[in-house]
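Subject: Structure for you to look at

Hello,

Here is the structure I promised. Please open it and keep it beside this email as you read.

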There are 2 protein chains.
Amino acid sequence: MAKDFQSSKPIYIQIADHLSSQIVRGEMRAGEKLPSVREMAIQSGVNPNTIQRTYSEMERMGIVETRRGQGTFVTENEQVLKDLKSRLQTDIIHSFVQNMKDLGYSQEEMITGLEQYLRREQE
Amino acid sequence: MAKDFQSSKPIYIQIADHLSSQIVRGEMRAGEKLPSVREMAIQSGVNPNTIQRTYSEMERMGIVETRRGQGTFVTENEQVLKDLKSRLQTDIIHSFVQNMKDLGYSQEEMITGLEQYLRREQE
DNA sequence: ATTAGTGTTCTAGTTAGATAGTACACTAAT
DNA sequence: ATTAGTGTACTATCTAACTAGAACACTAAT
């Protein structure tokens, strides 16, 4: 991962989002160890303190658990992961609907607009 | 409008987005005068300098035109407004698709997920 | 006991966004 | 000419996010 962050969102949140996606997709399993703070900092090209915040935030949300001296691990609590996926999906859809509504689109137009976009993308 | 900004995005951009939506929805017509910098600052509960940045940014994008001593006006160039609406819509859909893809959803699931959400919303 | 790898904490400094206050310049109406 | 309303410009200050560097504390393996 290089430095291609959007300036609008704090980097530590962006990294947390990215990790959350990986976990939700099943790319990282429950109980699996995340890269160490220092390792992840190098991978992401940011300061270790930034990763520290990312991990702290994710621990606060119950997504990961840290064991001092051992590392940071994806939670074994499957329910938390299930809820996380559900919440992330709802958030995305909600914000999509809200944004389209702000532009004046009807529910019908949202669906047809999406379908047309996906059809175009497949080529 | 009160102070209910998201912390993640610069306020001057959020206000620009909001105004753009109003224009695209037709709530503000081509040629119409926007509130003055000072007036808009009071309405939005922010500093005039912040609005100044909003208007500068929107002028840079060709959405508005400023006439010194007279005010800031929605551009008369209908093509610009048409392109703006199209661009905003595409951006929203694109980011929705990208986010859903990141969570591991297929194109089918995106559409059915959206439909289910809208169905629920109608109640 | 020592070492390597880990999370944790602290202080200091930088930057962008936002605020605050003031002043200047242009336009239209009086 | 004056005035009110407008955009524009400038300096100073504040804060959150981020960076930088160092130190501390715990764990497991040797």
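Below is what was found in it.

Please note that this is a predicted model.

Start with DNA strand C. It has 24 residues around it. The closest are Val37(A), Arg38(A), Pro10(B), Ile11(B) and Thr50(B). Of the atoms of DNA strand C that come within 4 Å of the protein, 61% belong to sugar and phosphate.

Now some single contacts. Val37(A) uses its backbone: an N or O atom there lies 2.8 Å from a phosphate oxygen of DNA strand C. In Arg68(B), a side-chain N or O atom is 3.1 Å from a sugar or linking oxygen of DNA strand C.

Which elements give two or more residues to this surface? From chain A they are helix H2 (37–44), helix H3 (48–60) and strand S2 (71–74). From chain B they are helix H1 (11–25) and helix H3 (48–60). H3(B) gives the most, with three residues.

What kinds of residue make up the surface near DNA strand C? There are 13 polar, six charged and five nonpolar ones.

Last, look at S2(A) again. It runs antiparallel to strand S1 (residues 64–67) of chain A, and four bridges join the two. Val64(A) stands opposite Val74(A) in S2(A). S1(A) and S2(A) form a hairpin, with three residues between them. In the turn, Gly69(A) has a positive phi of about 85°.

Best wishes

Conventions:
Residues numbered from 1 in each chain as written. Chains lettered and ligands numbered in written order. Predicted model: local features only at pLDDT ≥ 70, side-chain atom pairs only at ≥ 80, totals over all residues. Heavy atoms only, no water. Near = heavy atom within 4 Å. Polar contact = N/O pair within 3.5 Å; in protein donor to acceptor, adjacent residues only side chain to side chain. Nonpolar A, V, L, I, M, F, W, Y, C, P; charged D, E, K, R; others polar. Pairing = 2+ DSSP bridges.
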